[in-house]
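User: I would like to learn how to read helix packing, barrels and a chain interface from a model.

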Amino acid sequence: MRWFRFAVLVLVAAILQTTFVDMVWILNANIKPDLLLILLVFFAVRCEPTDAVIASFAIGFAADLASPATGFMGPRIISFGVFGTLLNDLHNVISIRRLPYQAAAIFVMGIVTAIASHLLAYLRAEPAAFSVARQCFWQPALSAIIGPFLFLPLAWLMRMDRLRRRRHASVARTR
Amino acid sequence: MKNKWVKTSKRMMFLYLTLGGLIFLFSPAHLTGKLQLAYARVFSWPLSTGRQLTLASRTALPAEVSSPSDYAQAIEVHRQLQDRLASLETQHRKLQNHLANREAQLQEAQRKIDELARLRTVPEWGRMRFQQAGIISVSGQGQSELIVDRGQQDSLVVGQYVLGDLSMIGIVSDVSPQTARIRLITDPTSRIPVRLAELDAGGVMQGTGSGIAEIANVDTKRKTPRAGERVYAVKTPGFPGVPIVVAEVVDSRRDPDNPILWTIRVKPVCDIASLTDVAVIISDRP
């Protein structure tokens, strides 16, 4: 895992999330793709288990830091960390390689992390505004449409193209 | 042996990081808020530049490539006209709010004349000092918080009222030396005493997120609230002595348990999404 590249990538995504992503809204200015959610799913399915745990919590930290859903930090650190780790464990059982599966993973992760963040915020203080349609459908759906297409450049950037590496290894073995 | 170590390490890492997340979750908001403000300060340049570009993109036309020169000129003229229109719309909105504030001040003055039988009214705005602050970013669920580029060093303190386009848009909720967070009136934790001038009724306005706030249990004295009616923030400690326009009525419904009372939904009179700077009211009075 290239941690420096990871840090830069997460930082850039966090800044883009609060600035340029505002230009990509559909139907409503509040419905826009969640770049950090896409990164979460990418690293959860591509990293080694320990790296995936660290990456998930780090992305949650960036999400809470850059665009806090509430006046405090923590809900998304925990929800991203826990569900990122679960997705990584699940990926060891069910392979999430095809585009529709990746989109479905992003969609489901968007829903569960939104609900978990809201419940955690509810534990801490008064609940923040929660739009079920926006946070549990539109935002994950938009992220799921865009996300799989970002996986390829992300894999190239992070040098994490497992499929290609495996193919090279098998070719080398046959030789 | 190696696999066992890796498995344990992953589990322990997960536990440590979850514990860290819980510590963050239950830490006082002003401590974690400092981290968020520090992030906004460190990356203020890309954040503010990105926001300006986003605002510009909302008004600009998509660029045409390899079009005839007259067509390009027409597009350029159209773009300039659009910019001009956007500028005029902003000025118009400001003037409308200014007019609403003046009307409210006039009504307040007349009430004083009637009740106290004296002519002396002091325009409180003159006593107040304003601090202009540029918006670095919009955050929060439903875009209900702003982070601005002024802080303690510029005399900002928690609880000060904030104006946008001459209407009240929120309250300073957190400050660091160089930045501050503004909780907008649409934030679910925002509660502001308000008055509906035309209905002569009052209540507490609470944000609901998504750009809307509600005033519950309003006794309208058998009048029906009308859409577009102005809502004014009323006197509280640290607030100027005159009402300031804060929102306008969107719609209303009767309380099913008590039909005399109404729940009124309102929205800010200022287009917060297009704001680039705000004015913080800095009271000279203790």
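The dialogue below takes these features in turn.

User: What kind of model is this, and how are its parts numbered?

Analyst: This is a predicted model, in which local features need pLDDT of at least 70 and side-chain atom pairs count only at pLDDT 80 or more, while totals for chains, interfaces and linings use all residues. Residues are numbered from 1 along each chain as its sequence is written, and chains are lettered from A and ligands numbered from 1 in the order in which they are written.

User: How many helices and strands does chain A have?

Analyst: Chain A has 7 helices and 0 strands; helices (H or I, at least four residues) and strands (E, at least two) are DSSP runs, numbered from the N terminus. Of the 175 residues in chain A, 51% are buried, that is, with 20 or more other C-beta atoms, placed from the backbone, within 10 Å of their own.

User: How is the packing of two helices described?

Analyst: Two packed helices are described by the angle between their axes and the distance between the axes. Axes are lines fitted to C-alpha atoms, for helices over the stretch in contact, and angles run from 0 to 180 degrees between N-to-C directions. In chain A, helix H2 (residues 35-46) packs with helix H4 (residues 75-93) at an angle of about 40°, and their axes are 8 Å apart. H2(A) and H4(A) are therefore oblique to each other; angles under 35 degrees count as roughly parallel, over 145 as roughly antiparallel, 65 to 115 as roughly perpendicular and the rest as oblique.

User: Which residues make the contact of H2(A) with H4(A)?

Analyst: H2(A) contributes A:Leu40, A:Val41, A:Ala44 and A:Val45, and H4(A) contributes A:Phe80, A:Gly84, A:Leu87, A:Asn88 and A:His91. Two residues are in contact if their C-beta atoms, placed from the backbone, lie within 7 Å. By class, this contact has 6 nonpolar, 3 polar and no charged residues. Ala, Val, Leu, Ile, Met, Phe, Trp, Tyr, Cys and Pro count as nonpolar, Asp, Glu, Lys and Arg as charged, and the others, Gly among them, as polar.

User: At what angle do H2(A) and H6(A) pack?

Analyst: H2(A) and helix H6 (residues 132-157) of chain A pack at about 55°, with axes 9 Å apart. H2(A) and H6(A) are therefore oblique to each other. The residues that H2(A) brings to H6(A) include A:Leu37, A:Ile38 and A:Arg46. This contact divides into 9 nonpolar, 2 polar and 1 charged residues.

User: How do I read a barrel?

Analyst: Strands of a sheet pair through backbone hydrogen bonds, either parallel or antiparallel. Two strands pair if DSSP finds at least two bridges between them. In chain B, 6 strands close into a barrel in the order E1-E2-E5-E4-E3-E12, with antiparallel pairing. Strand E1 (residues 129-139) and strand E12 (residues 277-282) of chain B pair over 6 bridges, and B:Gly134 has B:Asp277 in E12(B) as its bridge partner.

User: In what order do E6 to E11 of chain B close into a barrel?

Analyst: The order is E6-E7-E8-E11-E10-E9, again antiparallel. Strand E6 (residues 191-196) and strand E9 (residues 230-233) of chain B are joined by 3 bridges, and B:Leu196 has B:Val231 in E9(B) as its bridge partner.

User: How many residues of chain A are in contact with chain B?

Analyst: 34 residues of chain A are in contact with 39 residues of chain B. H3(A) gives the most to the side of chain A that touches chain B, with 7 residues. That side has 21 nonpolar, 10 polar and 3 charged residues.

Technical notes
Buried ≥ 20, exposed ≤ 12 C-beta atoms within 10 Å, placed from the backbone.
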